[in-house]
Amino acid sequence: PLTVGGGIATLEDIEQVMEVGAHKISINSAAIKNPNFIEAAAKHCGSLRVILSMDVKRVDDVYRVFARGGRENTGIDALEWAVMGQELGAGELVVNSIDTDGVKKGFDIEMLRAIADRVSIPITASGGAGKKEHFLEVFQYTGIEAGLAASIFHYKEVDIRELKLFLRDQGIDVYMGRQ
């Protein structure tokens, strides 16, 4: 399945990407500007196809939602935002920790667990993966069903197939793709 995000701000945008083959849509900025857009999107195409993406950073010991690539503190409490997103109809969350993004020392387990304890929808962890053991660690927690990484794959620091084999050998259910 293909998920499309970035610039999804209207129902027409959703329809356009669905017509060309997207299975799911990921929204962030449009939801921050208008939380009811989450509900409208879920009614339009179904909750299972709506992902609420969140960029989160600790500010004075509170998890806050950031916008504009992590440059703008919205003042929104991230834990409350995750719950509201679920209540408005998001079927999944992608949670990126600004604090750990690019650091390659592991996912922000504390923050991810705080969110997972409050919602029942699947969470994709993002920000901080530096080695395959970081994925194994994050998958030990209920509610965290996927892991997202970029640079470690782009720069071939971690091989995707080797990661999947490692996780499978550790008892994690992993889609291996075409064999």
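A polar contact is a pair of N or O atoms within 3.5 Å, where, within protein, one atom must be able to donate a hydrogen and the other to accept it. In this predicted model, such a contact is found at the start of helix 4, where a side-chain oxygen of aspartate 77 comes to within 2.8 Å of the backbone nitrogen of leucine 79. Helix 4 comprises residues 78-88, and its buried residues are Ala78, Leu79, Trp81, Ala82, Gly85 and Leu88. Just after the helix, glycine 89 adopts a positive phi of about 120°.

Helix 3, which spans residues 36-45, has Phe37, Ile38, Ala41, Ala42 and Cys45 as buried residues. These residues lie on the same side of helix 3, because they cover an arc of only 135° around the axis. Just after helix 3, glycine 46 takes a positive phi, here of about 100°.

Strand 1, made up of residues 3-5, contains threonine 3. Beyond residues up to four places away in sequence, threonine 3 touches Lys24, Ile25, Ser26 and Ile51. Threonine 3 has a relative accessible area of 38% and is therefore partly exposed, a class that runs between 20% and 50%. Its C-alpha atom is separated by 19 Å from that of methionine 176, which is 173 residues away along the chain.

The aromatic side chains form a further topic. Three aromatic pairs are found in a search of the whole structure. In one of them, the ring centres of phenylalanine 107 and phenylalanine 135 are 5.4 Å apart and the planes stand at 80°, so the pair is edge-to-face. This pair links distant parts of the chain, 28 residues apart: phenylalanine 107 is in the loop between strand 6 (92-97) and helix 5 (109-116), whereas phenylalanine 135 is in helix 6 (residues 132-138). Phenylalanine 107 and phenylalanine 135 are both buried. Phenylalanine 135 also pairs with phenylalanine 139; their centres are 6.4 Å apart and their planes are at 50°, so this pair is tilted. Phenylalanine 139, like phenylalanine 135, is buried. Ring pairs join Phe107, Phe135, Phe139 and Phe153 into a cluster.

Methods. Residues are numbered from 1 along each chain as its sequence is written. This is a predicted model: local features need pLDDT of at least 70, side-chain atom pairs count only at pLDDT 80 or more; totals for chains, interfaces and linings use all residues. Side-chain values use heavy atoms; hydrogens and water are left out. Helices (H or I, at least four residues) and strands (E, at least two) are DSSP runs, numbered from the N terminus. Buried means under 20% relative accessible area, exposed over 50%, partly exposed in between (1.4 Å probe, protein chains only). Contact means heavy atoms within 4.5 Å. The arc is that of the directions from the helix axis to the C-beta atoms. Rings of Phe, Tyr and Trp (its six-membered ring) pair if their centres lie within 6.5 Å; planes under 30 degrees apart count as stacked, over 60 as edge-to-face and the rest as tilted.
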